[in-house]
Amino acid sequence: MERTFVMVKPDGVQRNLVGEVIRRFESKGFTLVGLKLMSVSRELAEQHYDVHRERPFFAGLVEFITSSPVVATVWEGEGVVASARKIIGATNPLTAELGTIRGDYGVSIGRNLIHGSDAIETAQREISLWFKDEELVSWKPSL
Ligand code: CMP
């Protein structure tokens, strides 16, 4: 079954949006299979954002992600990678549609509250970067 990685960034945690993020994914019908509050090491932040290494905002991005705790989650369900991107909204909260998390709660591209994997292969890479196998719980809702 398809899985994706979703991280509530330091700004999302500090603005008490963890519950709202989880609620939106649960309400949509996806299954939570991994969840942890954690401080992010510089090494992990740099690996996670490796694709942006040459961008002018890279150093600031790493600084920000390591500045205070994040909530790392893994969600499971059919089409969850693309659907999570829709729930999260466009990278820039100012242009993200209302009704998306970034569109409803954000105003700054550098403080866009949340990250979601952009493709199935990226999701696999990010999940294995952030979670050990034993931290993920395989289960199916039965009710
Ligand atoms: P995210 O989905 O986590 O992926 C890369 C992040 O880089 C992105 O969200 C933004 O928070 C950040 N980012 C992208 N473009 C810029 C920019 N121009 N200035 C600052 N941060 C940016």
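How many nonpolar, polar and charged residues are in the lining of the largest cavity? By class, that lining has 1 nonpolar, 2 polar and 2 charged residues. Here Ala, Val, Leu, Ile, Met, Phe, Trp, Tyr, Cys and Pro count as nonpolar, Asp, Glu, Lys and Arg as charged, and the others, Gly among them, as polar. The model is predicted: local features need pLDDT of at least 70, side-chain atom pairs count only at pLDDT 80 or more, and totals for chains, interfaces and linings use all residues. Residues are numbered from 1 along each chain as its sequence is written, and side-chain values use heavy atoms, with hydrogens and water left out.

**Cavity**

- The count is 1 cavity of 30 Å³ or more, where a cavity is a set of points on a 1 Å grid over the protein atoms alone at which a 1.4 Å probe fits but cannot get out.
- The largest cavity holds about 30 Å³ of space; a volume is the space filled by probe spheres set on the points, which are joined across faces, edges and corners.
- Arg85, Ile88, Gly89, Arg102 and Gly116 line the largest cavity, lining residues being those with an atom within 4 Å of a point.

**Salt bridge between strands**

- The structure holds 9 salt bridges, each defined as a side-chain nitrogen of Lys or Arg within 4 Å of a carboxyl oxygen of Asp or Glu.
- One of them joins Arg3 and Glu76, with the closest N and O atoms 2.7 Å apart.
- This pair links distant parts of the chain, 73 residues apart: Arg3 is in strand 1 (residues 3–8) and Glu76 in strand 3 (residues 70–76).
- Strands (E, at least two residues) and helices (H or I, at least four) are DSSP runs, numbered from the N terminus.
- Arg3 is partly exposed at 21% relative accessibility, whereas Glu76 is buried at 7%.
- Buried means under 20% relative accessible area, exposed over 50%, and partly exposed in between (1.4 Å probe, protein chains only).

**Salt bridges around Arg24**

- Glu20, Arg23, Arg24 and Asp104 are linked in a network of salt bridges.
- Glu20 bridges to Arg24 with the closest N and O atoms 2.8 Å apart; the two are 4 residues apart in helix 2 (residues 18–28), so about one helical turn separates them.
- Asp104 also forms a salt bridge with Arg24, the closest N and O atoms being 2.9 Å apart.
- Because Asp104 lies in helix 6 (residues 101–105) and Arg24 in helix 2, this pair ties together parts that are 80 residues apart in sequence.
- Glu20 is buried at 18% relative accessibility, Arg24 is buried at 14%, and Asp104 is partly exposed at 34%.

Terms used:
On a 1 Å grid over the protein atoms alone, a cavity is a set of points where a 1.4 Å probe fits but cannot get out, and a pocket is an open set with protein on both sides within 12 Å along at least five of seven lines; lining residues have an atom within 4 Å of a point.
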